[in-house]
Amino acid sequence: MRVVVAPDSFGGTLSATAAADAIAAGWRRSAPDDDLRLLPLADGGTGFVEVLHTALGGEWHELDVTGPFGDPVHARWLRIGSTAYLESAAACGLHFVPRDRRVPETARTVTTRGVGELVASARDAGVTEVVIGLGGSATTDGGAGMLAALGAVTVDDAGKPLPPGGAPLARSARLDGRPELGGVRLVAAADVDNPLLGEHGAAAVFGPQKGADAAAVAELDAALARFADVLAAGLGTDVRDEPGAGAAGGLGAALLACGAGRVSGAGLVRELVGLDAELDKAQLAITGEGSFDWQSLRGKLITAVAKGAAERGVPCIVMAGQVSVGRREAAAVGVESAYSVAEDAGGVEASMADPAGTLAALAERVAAQWSR
């Protein structure tokens, strides 16, 4: 049987590539003759670039950039032909912020400067296009840090550069300089359509997971509103209401103001790795993620795989760390069965102790049911 194995990453435990490998290892123990096609997937968040490298190869470029707290972090971007692929999380990801530091003050002050340094590295390497995956960030600075690294510094009324973070943007007056892009075309790869401001904006929706309390959310939203005026005056485009402007703490707004195109990160990955062509030849599709829950039903990767399989009459099953979606809701998006690693392993703690091993064990048992 030809089986497409196309999972997303499993939260902070397994990358999409590691999850696909674990599922394949377990499956082969029960069904060694099946033809497994491994296609790890991602949206624009953490793992976006690794997935592309796994599928397409390319040349890594590694460098130290400014992390969310201002100290150096090691990051990399991927060159394929004349296009550079990078992810914002590589420079300012939430994984750089320990849980005990996800507090209001952190949410107010972390920076996207390292993202601009990655873009500058790609620009200086002579690429013609830079695709930036947006997601998994720790920041809510509207992309001001990124712009500063590219030569457009946000200053106050006295012309003094603002300190890093979103909160200081309440004092923003103008941009000193313009982003130095050298003719490079920017593309923002994001799978959220949130605007920059308001109840569906960057601060309100994503701020709490980064440590912002109600007061910090209100402060950041007001600061981003001021910064939206500065972006519009300095770069000539008002993007505050554009879908995706709120992605990655408002980094989307800065990119759109710079003229970036916007694409679906998940859709881009599907196209580049050839998922649809593999589904055309499959008898079964397997996908998965850390938690198969109500958010999974709102256009995330699992639903994309399930929909593509259903269009071809191919059954799709889910293996996830935890499953809280009912059978009827799962069937509505094209998922025939969903299996929980935690339930199979005897609890969340047991499954987390050996994420790859417990996922492989689940896949071995599921293969015994599904392999012809």
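In this predicted model, the axes of helix α2 and helix α10, the latter spanning residues 265–273, come within 10 Å of each other and cross at roughly 10°. Angles under 35 degrees count as roughly parallel, and α2 and α10 are therefore roughly parallel to each other. The residues that meet are F48, V51, L52, A55 and L56 on the α2 side, and G265, L268, V269, L272 and V273 on the α10 side. Helix α2, made of residues 48–56, also lies across strands β3, β4, β5, β6 and β9, and the points below turn to the sheet to which these strands belong.

**The sheet as a whole**

- An open sheet is formed by 6 strands, which follow one another in the order β3-β4-β5-β6-β9-β10 with mixed pairing.
- Because β3 (59–66) and β10 (261–263) stand at the edges and each has a single partner strand, one side of each is left without a neighbour in the sheet.
- From one strand to the next, the twist averages 25°.
- Where helix α2 lies across the sheet, its direction runs at about 140° to β5, the strand of residues 83–87.

**Pairing from β3 to β5**

- Strands β3 and β4 are paired in the antiparallel sense over 8 bridges, and they form a hairpin with 5 residues between them, in whose turn G70 has a positive phi of about 100°.
- Strands β4 and β5 likewise run antiparallel, joined by 3 bridges, and I80 has T83 in β5 as its bridge partner.
- The hairpin of β4 and β5 has 2 residues between the strands, and G81 in its turn has a positive phi of about 65°.

**Pairing of β9 and β10**

- Strand β9, which covers residues 185–189, runs parallel to β10 and is joined to it by 3 bridges.
- Within this pairing, V187 stands opposite G261 in β10.

**The surroundings of H61**

- H61 has its place in strand β3, where it stands opposite W77 in β4.
- The side chains of H61 and E59 are joined by a polar contact of 3.5 Å.
- When residues up to four places away in sequence are not counted, H61 touches A75, R76, W77 and R79.

**Charges and aromatic rings**

- R76, one of the residues that H61 touches, has its charged end over the ring of W60, at 3.7 Å from the ring's centre.
- R101 lies over the face of F69, 3.7 Å from the ring centre.
- For pairs between aromatic rings, with centres required to lie within 6.5 Å, the count comes to 0.

Notes:
Residues numbered from 1 in each chain as written. Predicted model: local features only at pLDDT ≥ 70, side-chain atom pairs only at ≥ 80, totals over all residues. Heavy atoms only, no water. Pairing = 2+ DSSP bridges. Helix = DSSP H or I, 4+ residues; strand = E, 2+ residues; numbered from the N terminus. Axes fitted to C-alpha atoms, helices over the stretch in contact; angles between N-to-C directions. Contact = heavy atoms within 4.5 Å. Phe/Tyr/Trp six-rings, centres within 6.5 Å; stacked < 30°, edge-to-face > 60°. Lys NZ or Arg CZ within 6 Å of the ring centre and 35° of its normal. Polar contact = N/O pair within 3.5 Å; in protein donor to acceptor, adjacent residues only side chain to side chain. Parallel < 35°, antiparallel > 145°, perpendicular 65-115°, else oblique.
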